[in-house]
Amino acid sequence: MNTSSANLDPTTPPWWDDLSTAVLVTDADLCLLSMNSAAEVLLGLSRERIIGHPLGQWLKLDRNLSSRLRSALTLDQPITLRARQMEPLRADRFLADVIITPLHGGISERPGQLLFELNAIDRHERISREEQLQKQQAITRAVTRGLAHEIKNPLGGLRGAAQLLASELDDSGLKEYTQIIIREADRLRSLVDRMLGPNNLPRREAVNLHEVLEHVRGLVSVQLPLGLKIRGHYDPSIPDVQADRDMLVQAILNLVQNAVHALEDGGEITLRSSILRQYTISGKRHRLVAKLSVCDNGPGIPEDIRERIFFPMVTGRAAGTGLGLPIAQSLIQLHDGLIECRSRPGATSFDILLPIDSPKAQEGTG
Ligand SMILES: Nc1ncnc2c1ncn2[C@@H]1O[C@H](COP(=O)(O)OP(=O)(O)O)[C@@H](O)[C@H]1O
Ligand SMILES: [Mg+2]
């Protein structure tokens, strides 16, 4: 990428855009002089738009930071800020180690400049945790599939034999037993089918995510236990997504039903939508990602299963099958998305991250 023409500072080195650390240079008034590609990604902005503008227009800087920056310049000493919450106005917030160094010569001859190095820490953690999770899930899926087929094959024979036997029997008391065999075989079959998960590819069409969220809210509202509430809180600017509407409904419904099960009197479920810019899912960066959250104020996910809830058959409920979350996860992964979860007593939230850019557009931009 040759964007050096966009740098006001002609002395920017050629390897500037190859750095994985986000780097910015400002003047003494914190007006942006140059930034590299990694910084563009973190801030969700192209340098053409923001060079020459005050950094504070795009990145929330608290007063404390501004005054420390001034003292770094006066004392001519670098400052290091560890694990600092950064809030870009056009991208997802992130945690970063920040090193700010007053510059002399080097990149520029102009005095009174500041070099910012931003090392996003939680993004890396999130991505490696995500990769780990996906590897584990791929293994579990393979094992589950193998096992499911092993169960399914003899089940057909078992059911057929019970039917034959039933037709030979006159005693209705004995027929009762064959009915039990048939019923249980059917139950097992449907369980195994659900364990195998969705085997169709999504049938994509333009989907309005708010219509989908409202549809699920309507479905749940009619059978919501007294004392529970479900609300919607949407960012109206999210564009339509190319997606399989039924699959999205199913995934969101599974999350909402879990919240309903977890809640007691006075419980509240909130469906939220928001948009993330320049967000990486499974190693692939997307320009726009929709985030649909199902939040509840219930007791939170039981500690002992928290790390495993996306695996099949993991349940914290006596009547649970442990299939709701793995199915929801597969449905969203079929859309190149991901479900993430955060939970503590009083605040549980499942976030569906769904790329908005169509696969075609992604190919075009690499
Ligand atoms: N919103 C939530 N609050 C508390 N626990 C939850 C929530 N969502 C899921 N869980 C826990 O995760 C488990 C697995 O959920 P799921 O895969 O849908 O299976 P099931 O609902 O059949 O148990 C649930 O049994 C519950 O213990
Ligand atoms: Mg469930």
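**Entry 1: domain 2 against domain 3**

I started with the buried area between domain 2 and domain 3: about 1,300 Å², with carbon and sulfur atoms giving 57%. Buried area here is the accessible area (1.4 Å probe) that two parts lose on being put together, summed over both. This is a predicted model, where local features need pLDDT of at least 70 and side-chain atom pairs count only at pLDDT 80 or more, while totals for chains, interfaces and linings use all residues. Residues are numbered from 1 along each chain as its sequence is written, chains are lettered from A and ligands numbered from 1 in the order in which they are written, and side-chain values use heavy atoms, without hydrogens and water.

I then looked for salt bridges (a side-chain nitrogen of Lys or Arg within 4 Å of a carboxyl oxygen of Asp or Glu) across the interface of domain 2 and domain 3, and the rule finds zero. On the side of domain 2 that touches domain 3, α4 (121-168) and α5 (172-196) are the elements that give two or more residues; α4 gives the most, with 10 residues. Helices are DSSP runs (H or I, at least four residues), numbered from the N terminus.

**Entry 2: ligand 1**

I counted 22 residues around ligand 1, and the closest are N258, D296, T315, G316 and T321; the cut-off is a heavy atom within 4 Å.

Next I checked N or O pairs within 3.5 Å, the polar contact limit. A polar backbone atom of L325 is 2.8 Å from an oxygen atom of ligand 1. For the side chain of R317, I got 3.0 Å between an N or O atom and a ligand 1 oxygen. With G324, a backbone N or O atom lies 3.3 Å from an oxygen atom of ligand 1.

How values were computed: A polar contact is a pair of N or O atoms within 3.5 Å; within protein, one must be able to donate a hydrogen and the other to accept it, and residues adjacent in sequence count only if both atoms are side-chain atoms.
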